[in-house]
Structures are given as structure tokens and as C-alpha cells.
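Good morning, colleagues. Please take a moment with the sequence and the structure, and then I shall go through the helices and several individual residues.

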Amino acid sequence: MRVNRVLLSSSLVVVALVIQVSVLARLHLPGAVPDLLLLTVLGLAMVYGHVGGALVGFGAGLLADLVPPADHAAGRYALVLCVIGYLAGLIKPDHGRLKSATGPMVVVVVAAIGTTLLYAGVGALVGDTAARHVGLGSLLFTAALYDLLLAPFVVPGIMALARRAENDPLADSKSQAKKADISTGWLSGGTGLRIGGQRGGMGGLKGGLKGGLKVKAVRARTARAGRIKGVKRL
């Protein structure tokens, strides 16, 4: 990944995780907790593509696994967000720009349900049955509802920031300056060649004129000498 991608992704993931742990998790809403970290991964994945989405998802999930008050095995949420980020990156829109809000909203709902199911499935494999006691149906409904309500305020802004970082105005200005230098060099080189050719042509023209004048002068002198000799003979 590029340096600007890493810096932006890291900053957004840290901010999202801090807000989720310190604010959203303390709202004590019924059912699931609004997953701001998931929405951040989705927004970045729909700009960076499936590879970038998988890497961002894995890093974000691993950070969530290690930051308190995490009460599950490390790597569990990293695996889930890695898969979700990869799948979300596969439906990356053209040039990272959204043509309508319907597609991203569907992606958010499917990702919220998929994340809950994958998290519960991985938990079942490692012996964590907490989802059964809470109620999987209630978790699925509330997770999709909360994420869908929060998505319009998060996903478009994250995608806009990611697109802006991808454009990299500093790099564009450098490349444009380089192109200008190259074009200037070509123009100056072409001008020099033309001027040189013009100088050579002018030099040849002057030489031709001088040679012609010399020939005419020699002929005139010869004719004059012939006339003088003829007069003397008479």
C-alpha cells in the first residue's frame, strides 16, 4: 500500500475505534453496538479495492482484538473484517465514486449481517457461545439497523477523504512540473535545430551569392581584357 493510504487508513481506524469504545459502546443500546469500525473499513475498501480492503480490515480487526475491553480471542475480529473488507472491495465503484446511495446502503446491511454471522461462527468454533445467550436474531436486526442509520454520516466522508488522498496533489504537481520540463526541453531542442538549419541555409545562400559575384567579376575582367587586346592589335 502507498504511504498516504497507510497514514490515512491508520488515522481513520484509530479514530473510529476510540469513538466506538469510548462513546458508542457506552450508549447501552438494546442488542448490538453500532460498528463504526466496520463502516470505516467499508468506506476505505470501496475506494482501495479488494486487496486494500482486506489489508485495512485485517489491521483494524487486529487492533480491535487487542484494545481493551476486548473479551475474545485475538485474531477473531481481524479474520472477520479481513473477509468483509475483501468482499466489499470487489464491488468497488468506478473511480471510487458513488453513482447512487442504494448500492452502498445494501453493502452496509449485508456487511453488518455478515460480520455478525461470521463473528458468531468463529466464536462457535473456539467455544464462545455468548451470541446464543443474547439472541442471534436480535443481534442481526439491531446491527443492520444501527449501521444503516450511521452509514450516511460516515461512509461518504471516508470515501471522499480516501479519494482525495489517492489524487495526491503534491505528486500531481511534481509530475506536471516534470512533464513541463520535458516538453520545454523538446521545444528548445527543436527550436535549436531549426535555428541551426536556418543559419546553415543562410550561410549557404550567402556563399552562393559570393561565388556567383566572383564568377561574374572574373568574366567581366576577361571580357574587358579581350577588348583591350583587340584595340591594341588594331
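How are helix 4 and helix 6 oriented to each other? They are oblique to each other, a class that takes in angles that are not under 35 degrees (roughly parallel), not over 145 (roughly antiparallel) and not from 65 to 115 (roughly perpendicular).

First, the basis of what I present. This is a predicted model, in which local features need pLDDT of at least 70, side-chain atom pairs count only at pLDDT 80 or more, and totals for chains, interfaces and linings use all residues. Residues are numbered from 1 along each chain as its sequence is written, and side-chain values use heavy atoms, with hydrogens and water left out.

Let me begin with the overall organisation. The protein has seven helices and zero strands; here helices (H or I, at least four residues) and strands (E, at least two) are DSSP runs, numbered from the N terminus. Along the sequence the pattern reads α-α-α-α-α-α-α. Of the 234 residues, 32% are buried, where buried means under 20% relative accessible area, exposed over 50%, and partly exposed in between, with a 1.4 Å probe and protein chains only. Among contacts (heavy atoms within 4.5 Å) with a separation of 6 or more, 76% join residues 24 or more positions apart.

Now to helix 4 and helix 6. Helix 4 covers residues 102–125, and helix 6 covers residues 136–167. Their axes come within 8 Å and cross at roughly 140°; the axes are lines fitted to C-alpha atoms, for helices over the stretch in contact, and the angles run from 0 to 180 degrees between N-to-C directions. The crossing is right-handed, that is, the near helix is turned clockwise from the far one by less than a right angle, anticlockwise being left-handed. From helix 4, the residues that meet helix 6 include M105, V108, A112 and T116. On the helix 6 side, L139, A143, D147 and A151 are among those taking part.

What is the nearest side chain of opposite charge to D147, and how far away is it? It is R76, 15 Å away. D147 is buried yet has no salt bridge, a salt bridge being a side-chain nitrogen of Lys or Arg within 4 Å of a carboxyl oxygen of Asp or Glu. For charge, Lys and Arg count as positive and Asp and Glu as negative, while His and the chain ends are not counted. Leaving aside neighbours within four places in sequence, D147 is in contact with P34, D35, L38, L39, V108 and A112.

G57 is buried, because its relative accessibility is 0%. Not counting residues up to four places away in sequence, G57 touches V41, A78, L81 and C82.

Helix 2 packs against helix 1 too, at an angle of about 45° and with the axes 9 Å apart. These two helices are therefore oblique to each other, and their crossing is right-handed. The contact involves, among others, L8, L12, V13 and L17 of helix 1 and L37, T40, V56 and A60 of helix 2. V13 is buried at 6% relative accessibility. Beyond residues up to four places away in sequence, V13 touches L37, T40, V56, A60 and L63.

Finally, two loop residues. A73 is in the loop between helix 2 and helix 3 and is partly exposed, with a relative accessible area of 44%. A73 and V122 are 49 residues apart in sequence, while their C-alpha atoms are 10.0 Å apart in space.
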